[in-house]
Each structure stands twice: as C-alpha cells, then as structure tokens.
Amino acid sequence: MENLPSPAIELDKLFKRVELEMRGIDPAVLLSYSWFCVAAASHLGIEVTKNWALRKAEKERHTLLRCVHIYKKHKVQYEIRTYFRFIHLQRLTGSTCDTYLEYIERNLPEGCALKVTKVECVKMPDYITTSGKDI
Amino acid sequence: MSLIIKHCRSNGITSSFNLRIWRLNSTSMDVAAKKGEEEEEFRVLDILKKRDKVQKKVARRNDVQPDRADRMAVDQNWGNVWPGPKTFHPSSVPLPIRQGYVPKGQAPPGKKANAELMKIPNFLHLTPPVVKAQCEAIKQYCTEWPKLLNSEEAIEKHYPVEVITSDYCHASPSIRNPLARIVTLRVKLATLNLDKHARDKFLRLVGDRYDEKTDLVTITADRCPARKQNLDYVDYLLTACYHESLNVEEWEKDKTEDDMEYYDWDKNASKKSLVQWYLRMKNENVDLKDEQFIEYDISQIPNAESYKNAVSSLMNDGENESTVNNYAKEVRALLGLPEKLVV
C-alpha cells in the first residue's frame, strides 16, 4: 500500500488563442458587455489582440401572406436581427482561461449568447516523435 | 375506549358548530331586515349634480419617506448599493436618466415608472471600480504565460499541434450544445519530419485535409457524441496516418510513371532524347538500356543541368509566362542558337 506510485503532475494547458464570439439582439448591450470583457482581461493581464463588431446585423427574414386565399400584394415580412461582436485574446494558461471565462460567462447579460473557441497548443505525442523509426 | 372518546368529542364539536351556523344565520337575517327599512326612502333627483362637485379630501400620509435616491451619500460604495444583476429600479439609482421614444421636440420620459429602462439589461453592477475589485480578488487563480514562449515561432517549435474546441454559453432550456463536441486538430506537415516516400503517402492518405499554401493538415472529428471521444479519435487518426505512411508495402514498388505525384526528369523521355541527341552529335552509336539512360551523367553535356531545371519547373509548376520563357532560353543555350532578339 505504501509503494503506490505518486499521482502524475497534471500540467497546465496552454491556449495560443481564445476567440470570443458574442451574439445578441441589442447592439448597445453587446457593446457594454464587450467593454466589460476587455476591462476584465486587462485587469487580469490577458492580451487582447482584436475587438470588433460586424457593420450590419445578420437578418433572418420570413415572408408571410396575410391573406388566406389570394392577393399576393398583402404580404408582410418579419425579420430577426442578430448582432455580432468578436474579441480575440492571446496566450492564456489553462487556469487563467478558466478563471476569466467563468467570470465572463457568469456576467453574461440576458438575451446574449457567447461562443468561445479555444486554440490549445499541444506537444507532439511521444509515439510520433520517437518511435517512428523503430517500427 | 379511545374510540368512544373520539366519537363523543366529534359529536360535541358538530353540535357546537351547528349552533354557530344557526346564530350566524339569525344575525344575517336581522341585518337584512334593518337594511330594508333604511332603503325604503325615495331617491332624490339631483339635477345640478351639486353633490358630485364636492371633492373628497385625499388623506395624505405624513410619514412617507423621501426617495432613497435623494438621500444617498455622494461618496457611498456603489457596489454595495447594486451588488448584482437586477432590473432597473428608479429609487436606487441617483442618476437623472431619461429613456423612451417621443415626438420631436419633447424630452424623453424620466426614470420613474419607465418600462423602457426596465426592459434593457443594465450593467449597473459592473461599474469600473467593481470590475477592478473583483478582478483583484480572482487574480490569485491566474497563472502567467511562460516567458520563454514569447513568440509564435517558439510556440510552434515546442507545441506544434493545435487542438481547437468551442464552448457555448446561451440562454436556452438546455445548457448543452451539440456543436461543443466538434474537435479540430491542426499540425504543420513539416513538423512530422517525414521522408520523401512517407510524405507522399501521408498526403495521399490525408487527401483534401492538407492545405498546400499554409502547409497545414487539418483533421476534424464530429462523429462521436462527446468531446473527449472526438479528441481521442483525432489523436488516433493522426497517429494511424503517420505510422501507415512510414510503412512500405510490397505493392508500392509497382509505382509507374503515371502514378508519380511530380515530374521526375531523370526517369522521363526528355532525358532519353537529350542523351540520344548528345551521343549522335558525338557520332557515337551506342545502344543504351533504360536503366543506363536514367543513370547517365549529364554534367558532361554543356547547359544540360539548367535545361533539366527548366523542364522540371515547366512540368511541376505549370505553364506560365516565366517558366515558358525560361524553357525557351535554356533550349536556345543547349542547342547553341543565338539569343532571342528583342524587337
């Protein structure tokens, strides 16, 4: 029982780039939220490389014929607008990334969605670097 | 015994209850009788409606507190007043906010009883000092980026593999998003250190997942339901392709000129005709076999090396102005023709 192998040290992950994509129905709320994200990143010492918004909203349109039978001119069009905003962060360790994302996601305002794309950099596995020649 | 007691008690209660009902009935009947006597007077027609004009005095309470927003200290800690996300409340916010759409020339309505202000999510709990204080508190869980990995080249050298995943956070009935399972693995082909044969085989195995311009191999897995499974699968794919490309199978020796992925001048008809032409120039009638043609040393033929390069680049890089012009120049040099005249 005493000779149990010591648990392997779990190394922290390294994220080369983290891309936040936020979408919402109100551009003003997204702007405030992105300001908050950038402020939190700067306080935690995270590099922000890019921060931009799409110039126009993405519009999903549905056309409906109001009249039941004929009269094509009585058409109405409904649209759903989705506004986008993007923030790119650079060079985060795993613990920093977890802390920051937890903080940001907890403060996500109503009517907004957040997509986080993480680009993790990993070492080449041993079985590719060394054992290739043996086989 | 207890049963009997219970029975007796229930009997007693019901009897008293009945009594009460009886009394209630009697009293209500009495009241109705009295009312009937009062209402028997005729109503008076009030033509001038003098009675309605008399305004009732509204009793105002004297002990109503003044608005909380007016009593706030200037140097208060705002984080304590508004600690978390909350719908807008006019009495808690000491700001002269106005919001709403009105016709031109009018001022938008003020903050009290203003639905426009309550609809939009506010950031009153995330003011700059509060954000700073909260970040100071959570900074202990952060770690610094290693200082030696200070450039893209350094990162690429030590950590050549990229694993791309996505997390989703949104307001919906389910907190799970099926898109979160997708895992993408990217690696530069040069970092795999493959030899010529293995590289060719790897590219044939990988197919269109290789991008020539960036030299990146991108493997995406989305067939498993969980991210961990997809991650393992991506690792497996890379490993399998790598080791398979290192293997040399028996049938790979049957590779002919048609299967070549690039133009090898030494094994092609161009070299054969060049050597034949050179030998005929020297009046040597030697019958060479195919292997001898391939092994023939062209360094003794003047301008042959650059001619070889010109033909190879024409075949490998495709026909464009520079390769064709280069080919023309080399052919003239090889045959000893004069340079092209520029008119």
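A salt bridge here is a side-chain nitrogen of Lys or Arg within 4 Å of a carboxyl oxygen of Asp or Glu. By that rule, three salt bridges cross the interface of chain A and chain B in this predicted model.

**Stop 1: the interface**

Select Lys118(A) and Asp167(B). These two residues form a salt bridge, and their closest N and O atoms are 3.1 Å apart. Next, display every residue that takes part in the contact: chain A supplies 46 residues and chain B supplies 48 residues. The size of an interface is often given as the accessible area lost when the parts come together. Chain A and chain B bury about 4,200 Å² between them, with 64% of this area on carbon and sulfur atoms.

**Stop 2: chain A as a whole**

Three helices and five strands are present, and along the sequence they follow the pattern β-α-β-β-β-α-β-α. Chain A has 135 residues, of which 43% count as buried. Among its contacts between residues at least 6 apart in sequence, 75% join residues at least 24 apart. Chain A exposes about 8,700 Å², and 53% of that comes from carbon and sulfur atoms.

**Stop 3: helix α2 of chain A**

Thr99(A) counts as buried because its relative accessibility is 14%, and the limit for buried is under 20%. Which residues does Thr99(A) contact, leaving aside its neighbours within four places in sequence? They are Ile138(B), Tyr141(B) and Cys142(B).

Now select Tyr100(A). With neighbours within four places in sequence again left aside, Tyr100(A) is in contact with Leu20(A), Cys37(A), Val38(A), Ala40(A), Ala41(A), Leu44(A), Ile46(A) and Leu89(A).

**Stop 4**

In soluble globular proteins, nonpolar side chains tend to be buried together. The largest nonpolar core of this model has 33 residues, and those touching the most other members are Leu20(A), Tyr33(A), Leu89(A), Tyr100(A) and Leu114(A). Two or more residues each come from β1 (14-24), α1 (27-44), β4 (75-93), α2 and β5 (112-122) of chain A, together with α5 (128-138) of chain B. Helix α1(A) gives the largest share of this core, nine residues. A further core of 21 residues lies apart from it; to find this one, select Leu185(B), Leu189(B), Leu194(B) and Ala198(B), which are among its members.

**Stop 5: loops and surface of chain B**

Select Leu45(B), Ile47(B) and Leu48(B). They form a nonpolar patch on the surface, with about 410 Å² of accessible area together. Leu48(B) belongs to the loop between α1 (2-38) and α2 (50-53) of chain B, and its relative accessible area of 61% makes it exposed.

Two backbone positions complete the tour. Most residues other than glycine have a negative phi. Ala113(B), although not a glycine, has a positive phi of about 55°. Ala113(B) is in the loop between α3 (78-81) and α4 (115-119) of chain B and counts as exposed, at 84% relative accessibility. Asn193(B) likewise has a positive phi, near 55°. Look for Asn193(B) in the loop between β2 (183-188) and α7 (196-206) of chain B. Is Asn193(B) buried or exposed? Its relative accessible area is 59%, so Asn193(B) is exposed.

How values were computed:
Residues numbered from 1 in each chain as written. Chains lettered and ligands numbered in written order. Predicted model: local features only at pLDDT ≥ 70, side-chain atom pairs only at ≥ 80, totals over all residues. Heavy atoms only, no water. Buried < 20%, exposed > 50% of the residue type's maximum accessible area, 1.4 Å probe, protein only. Contact = heavy atoms within 4.5 Å. Helix = DSSP H or I, 4+ residues; strand = E, 2+ residues; numbered from the N terminus. Core = buried A, V, L, I, M, F, W, Y, C linked by side-chain atoms within 4.5 Å. Patch = residues over 30% accessible without salt bridge, like charges linked within 9 Å, V, L, I, M, F, W, Y side chains within 5 Å. Areas by Shrake-Rupley, 256 points an atom, 1.4 Å probe, with all protein chains shown as cover. Buried area = accessible area lost by both parts, 1.4 Å probe.
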